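Hi everyone, thanks for coming.

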Amino acid sequence: MSDRYAMYIDSSKCMACRGCQVACKQWNDNRGYIPGERETRNTGTYENPLSLDPQTWTRIKFVEFDDADRFQWLFLKEGCMHCTEAVCVDVCPTGALKYGPHGIVTFERDLCNGCGYCSQFCPFHIPQMEIVNTLTGEAKSSKCIFCQDRTTNGLKPACVKTCPAGALDWGDRDEMVSQAEARVNKLKTELGFSKAQIYGKTELGGLGRIYVLTAPPEEYGLPKDPKYPVMTTLWQKV
């Protein structure tokens with residue numbers, strides 16, 4: 001047992017219902033597309049929105065994958081990875097981003113000065129900038145915070161609570177890794193997914209999201225070997 005928690009994400013069980021997206025918006029009061037300001041429209045894909053945005057902290061990404069083994073629809077739950085070596089925390093000049101309880105990378109919007117360094121340096125391109133004052137250009141960052149008001153009180157994140165397919169779980173990080181290892185082994189030995197693997201166990205010191213993938217991470221749009229940028233804090237020291 002450790003004092004760090006993580007989210008378990010089994011992409012092989014995800015059915016892309018996007019219930020996690022809805023639950024995230026409801027719990028965090030992220031209205032998303034506001035009638036009269038940003039209307040939804042058919043873009044030719046079931047993905048909606050097409051990327052993370054200031055009001056969408058998690059989304060299901062759709063990818064077609066076809067190799068010698070089989071054709072697959074790959075579904076990736078995008079969102080903040082809550083890295084052990086969190087670049088965003090190190091570059092944030094105001095302390096809006098910091099390490100919180102259970103390994104969560106917390107965010108205090110009131111402290112954010114809108115510099116955008118977190119969005120520029122994040123190797124996963126997660127933080128999203130929102131213009132909050134069009135006259136002055138003032139901006140604020142935003143990202144998944146693992147429902148810290150829930151998880152610090154012994155509850156699971158809203159997205160995990162609502163997942164009808166059982167693709168999501170939350171708990172002690174070591175237990176989530178063990179669960180992922182067992183699932184990957186079953187996918188390989190019993191279900192025919194020869195490329196099944198874990199993502200997040202060791203990347204950037206270990207991520208707060210432990211993925212079970214059925215294809216190489218690059219096919220999902222994940223960096224195979226994410227790096228901590230060398231120049232991250234050099235400019236601050238200079």
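Let's start with a word we will need: a residue is buried if its relative accessible area is under 20%, exposed if over 50%, and partly exposed in between, using a 1.4 Å probe and protein chains only. Please keep in mind that this is a predicted model, so local features need pLDDT of at least 70 and side-chain atom pairs count only at pLDDT 80 or more, while totals for chains, interfaces and linings use all residues. Residues are numbered from 1 along each chain as its sequence is written, and side-chain values use heavy atoms, with hydrogens and water left out.

Now, the cysteines. How many disulfides does the structure hold? There are 0, where a disulfide is a pair of cysteine sulfur atoms within 2.5 Å. Take Cys-88: the nearest cysteine sulfur belongs to Cys-80 and is 5.9 Å away, and Cys-88 is in no disulfide. Cys-88 is buried, with a relative accessible area of 10%. Cys-112 is in no disulfide either; for this residue the nearest cysteine sulfur is that of Cys-118, at 6.3 Å. Is Cys-112 buried or exposed? Cys-112 counts as buried, at 10% relative accessibility.

On to the rings. The structure holds 7 aromatic pairs. Rings of Phe, Tyr and Trp (its six-membered ring) pair if their centres lie within 6.5 Å; planes under 30 degrees apart count as stacked, over 60 as edge-to-face and the rest as tilted. One of the pairs is Phe-62 with Trp-73, edge-to-face, with 6.2 Å centre to centre and 80 degrees between the planes. It links distant parts of the chain, with Phe-62 in strand 2 (residues 59-66) and Trp-73 in strand 3 (residues 71-78), 11 residues apart. Strands here are DSSP runs (E, at least two residues), numbered from the N terminus. Phe-62 is buried at 18% relative accessible area, whereas Trp-73 is partly exposed at 44%.

Phe-62 also pairs edge-to-face with Phe-75, at 5.1 Å centre to centre and 70 degrees between the planes. Phe-62 lies in strand 2 and Phe-75 in strand 3, so this pair ties together parts that are 13 residues apart in sequence. Both Phe-62 and Phe-75 are buried. Together, Tyr-46, Phe-62, Phe-71, Trp-73 and Phe-75 form one aromatic cluster.

Finally, which residue lies over the face of Tyr-46? That is Arg-18, at 4.1 Å from the ring centre. A charge sits over a ring if NZ of Lys or CZ of Arg is within 6 Å of the ring centre and within 35 degrees of the ring normal. The charged end of Arg-150 likewise sits over the ring of Trp-27, 4.7 Å from its centre.

Definitions and conventions. Helix = DSSP H or I, 4+ residues; strand = E, 2+ residues; numbered from the N terminus.
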